[in-house]
Amino acid sequence: MKKTLKDIDVKGKKVLVRVDYNVPLDAELKITNDKRIAATLPTIQYLLDQNAAIILLSHLGRPKGKTVPEMSLSPVSARLSELIGKPVKFVGGDAISEESKKAAADLKAGEILLLENLRFHPEEEGKNAAGEKDKAAMDNFAKELASMGEVFVQEAFGTVHRAHASTVGIVKYVKDAAAGFLVEKELKFLGEALDNPQRPFIAILGGAKVSDKINVIENLLNKVDSIIIGGAMAYTFLKSQGVNAGTSLVENDKLDLAAELLKKAKERKIEFLLPVDHVIADKVDFTNKQIPEGAAVKITADEAIPEGFMGVDAGTKSIEKFAQSLKDAKTIVWNGPLGIFEIPEFAKGTVEIAKIVADATDAGAVSVVGGGDSVSAVKKAGVDKRISHISTGGGASLEFLEGKELPGIAALPEK
Ligand code: AMP
């Protein structure tokens, strides 16, 4: 077990906290969703209660090692200050400048400092100023960051699948390190679902491509009792069984693999549920995410899709079938939409599943939802408060489901 916040002494200490404040900004640089900031408040409040001085480290966007003023964390410091009800110091410019270091050195117990976007430095992501891979440069940057505090808290679940200076390198240069409350919660829910699930354990996977989720499916086939596949991915599986998929988004080079995965599931007696009917359309405007004028939209009678049509959402019978299976579930992991969720007319299957997962949770299941679209769906369905755990890290939670070691977690010391 990795050390968590309450295992380390932070009383009166200068604590470096890696957070994930990679929030969406609009054209006027206003934060359009502050959930990532809000999610860190319990850890920050605990550190304040412990009389610590808090130095927050984060990235925002992909500035690729250059200073990009539009990707400054300045708006974040203002929002954090509103949320926590205290001033948050922000130097700007450069996270390891003399000015930043002085601000860190002068920081008193109970004060908060946010450093500028770490990814303005190529070293954060393991490169040097010339853009070449450079471990020594990364290590040096990690050392500079570490020199500003005494202990380190990893609270950026969304970034723990990256081996960066502020997620891995920094750990060896501090006196002690631990997972913050948010990371601890992620590890608890995702870890227990995978390693010690209450059964039946059902995974729901949706989204665009089988190729993105092969490793997740492979790993889950060793863990789950049932797997539900929706979204465009389902059409590759159906076609691999000789079912007509029309013009659906099929990965023709993955047909053998899909057939192989279905065979494996059968051998292991894992229930593999695919849609049995579909909402179909003859045209979809993927660029503007809308149904083009004059397009025909209908629902199929069975799993086959007629020529000239593509599957865009799970049909009513499919949702009923999935609901039947989910109602007895004791553990549910869900990642990815069951249809072209961005188009409201094709979001129904995904929103319905969100409600079904919430009902199953009310009936005693532990539910873990990850991935941007599934998280939006549970919000859209108004059931987010009825889900056991909503993961804050899309990529990290997928890598966790793949069974991969997350570098930012692996780097933390054991209890
Ligand atoms: P992912 O990032 O792999 O979770 O995929 C999410 C994307 O899958 C969303 O943009 C959805 O619009 C898309 N998607 C889901 N179902 C379908 C479908 N039937 N056809 C095309 N795209 C789909």
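Which residues of β13 are buried on one side, and which on the other? Hi everyone, let's start there. Thr-331, Val-333 and Asn-335 are buried on one face of β13, with Ile-332 and Trp-334 buried on the other. Buried here means under 20% relative accessible area, exposed means over 50%, and partly exposed is in between, with a 1.4 Å probe and protein chains only.

A quick word on what we're looking at. This is a predicted model, where local features need pLDDT of at least 70 and side-chain atom pairs count only at pLDDT 80 or more, while totals for chains, interfaces and linings use all residues. Residues are numbered from 1 along each chain as its sequence is written, and side-chain values use heavy atoms, with hydrogens and water left out.

Back to β13, which covers residues 331-335. Strands are DSSP runs of E, at least two residues, and helices are runs of H or I, at least four, numbered from the N terminus. Two strands count as paired if DSSP finds at least two bridges between them.

On one side, β13 runs parallel to β7 (residues 201-205), joined by five bridges; here Ile-204 has Trp-334 as its bridge partner. Five bridges also link β13 to β14 (residues 366-370), again in the parallel sense, and Ile-332 partners Ser-367 there. With helix α11 (residues 348-362), β13 and β14 form a right-handed β-α-β unit. Right-handed means that, with the strands pointing away from the viewer, the path from the first strand over the helix to the second runs clockwise.

Now zoom out to the sheet. It is open, with six strands in the order β9-β8-β7-β13-β14-β15 and parallel pairing. β9 (271-273) and β15 (389-390) each have a single partner strand, so one side of each lacks a neighbour in the sheet.

The peptide bond between Arg-199 and Pro-200 is cis, with omega about 0°.

Lys-64 sits in the loop between β2 (53-57) and α3 (74-84) and is exposed, at 67%. Thanks, everyone!
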